[in-house]
Amino acid sequence: MLFRDYGKTGKKVSILGFGGMRFKSVNDTGECVAMMLDAAEAGVNYFDTAPGYMGTKSEHVFGEAFREFKKREIPFYSATKTFKTDESSIRQELDAQLRRLHVDCIDFYHVWCLTTLEDWEARKQSGVIDAFIKLKEEGLIRHICVSSHLIGDQIKGLLLEGVFEGVLFGYSAYNFNIREAAFDAIRKHRLGCVVMNPLGGGIIPQNTKVFDFIRTRDKETVVEGALRFIFSHDEINTALVGFGTREEVAQAVKAVQGYRRISPEEMTRMRDHIKESFRGLCTGCRYCDECPEGIPIPKFMDAYNHRLLYGKEQELLDRLRWHWDIPASIADSCVECELCEKLCTQHLPIQRRLKEIASAEKRKK
Ligand code: SF4
Ligand code: SF4
């Protein structure tokens, strides 16, 4: 395993991190703990969860795994998050998290999921910064961090405020250009940087032909290539993979073992190709899934991905019909309330895409 500094904290963290949001069988605690042990024994020491991952089941599983790590004297760092904004609610949540995770202190505690700057201003008004500082002084958390779905320039502004020691955001080989401006602030303040969704929420491994260009060696898989693309950014200390199975852990560990830095020429070739070929793919995160008209937006945006990936309208309509089994005509019921676009973590033009889908369906008829 390779390790990098988490900003100025003095902690060396593994470049591969364990994300606890995609366990395939979260009710099988033994299997989940076995996955985490596989990762830890391979050197992974950064374990990230949240109170809303599968309810609180992910944190429960992590707690069982942490107990096992301690018994076996395996070193690890815990990372989790809170949406709460005032001191009393944060304390209450943190107390429950410490009990679930079987630890006395959270190593990396995140202000969770900032989606707009207005949201950040509102949380500051509620006292989130003072509350985090007090918890750190009391030794209940070690480092104050933030997880964000803002775009790069906004993250940069947020980090330059000087509150946070590290940041977590989505970054992958196909959407890097939306957030790379954040690296300016990360370099300037020597902050920790963890990225999530390095495989694009499954889009990259599910479309190996489309992403074949990302491989830079003959025997390399597309997943290995995508992870190496991330690891070749010096600002990133850890890429979190949301593991579902033990096989996925083994595959990602192999990618790290075979790591060699991508040359600047290869990086330029990839980045140019990506910029020309993929703009605005949906990651399937489902944050937008609150349409008052009942439109299943993530399914429509997944279908739109197929148009972007394969360049054909028919692929989009086939995906809706044969994979999701939903009529494309539902797209026409959008009343343009803008809610989904405000919630979208990738800042996608959802309303325009729905209109395109509705028109494509009408043309076909
Ligand atoms: S803009 Fe349209 S699709 Fe988005 S939430 Fe509003 S009605 Fe639904
Ligand atoms: S449209 Fe945006 S918020 Fe919705 S699933 Fe896709 S990336 Fe996530």
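Visitor: Which residues come nearest to ligand 1?

Guide: Some ground rules come before the answer. This is a predicted model, where local features need pLDDT of at least 70, side-chain atom pairs count only at pLDDT 80 or more, and totals for chains, interfaces and linings use all residues. Residues are numbered from 1 along each chain as its sequence is written, chains are lettered from A and ligands numbered from 1 in the order in which they are written, and side-chain values use heavy atoms, with hydrogens and water left out.

Guide: A residue is near a molecule if one of its heavy atoms lies within 4 Å of it. Around ligand 1 there are 13 residues, and Cys291, Cys334, Cys337, Glu338 and Cys340 come nearest.

Visitor: How does that shell divide by class?

Guide: Ala, Val, Leu, Ile, Met, Phe, Trp, Tyr, Cys and Pro count as nonpolar; Asp, Glu, Lys and Arg are charged; the others, Gly among them, are polar. The shell of ligand 1 has nine nonpolar, one polar and three charged residues.

Visitor: How many cavities of 30 Å³ or more does a search of the whole structure find?

Guide: A cavity is a set of points, on a 1 Å grid over the protein atoms alone, where a 1.4 Å probe fits but cannot get out; lining residues have an atom within 4 Å of a point. Grid points are joined across faces, edges and corners, and a volume is the space filled by probe spheres set on the points. The search finds two such cavities.

Visitor: What is the volume of the largest cavity, and what lines it?

Guide: Its volume is about 90 Å³. The lining includes Pro292, Glu293, Ile295, Ile297 and Leu354. By class, this lining has nine nonpolar, no polar and three charged residues. The space is taken by ligand 1.

Visitor: Where does ligand 2 sit?

Guide: A molecule sits in a cavity if more than half of its atoms lie within 2 Å of its grid points. Ligand 2 sits in the second largest cavity, with a volume of about 70 Å³. Of the 13 lining residues, Cys282, Cys285, Cys288, Cys344 and Leu348 are closest to the cavity centre. Nearest to ligand 2 itself come Cys282, Cys285, Arg286, Cys288 and Cys344. The ligand 2 shell has eight nonpolar, four polar and one charged residue.

Visitor: Is helix 9 mostly covered or mostly open?

Guide: Buried means under 20% relative accessible area (1.4 Å probe, protein chains only). Helices are DSSP runs of H or I, at least four residues, and strands are runs of E, at least two, numbered from the N terminus. Helix 9, residues 222-231, is mostly covered, with 10 of its 10 residues buried. The cover includes strand 1 (3-5), helix 10 (246-257) and helix 11 (264-277), by contact, heavy atoms within 4.5 Å.

How values were computed
Buried means under 20% relative accessible area, exposed over 50%, partly exposed in between (1.4 Å probe, protein chains only). On a 1 Å grid over the protein atoms alone, a cavity is a set of points where a 1.4 Å probe fits but cannot get out, and a pocket is an open set with protein on both sides within 12 Å along at least five of seven lines; lining residues have an atom within 4 Å of a point.
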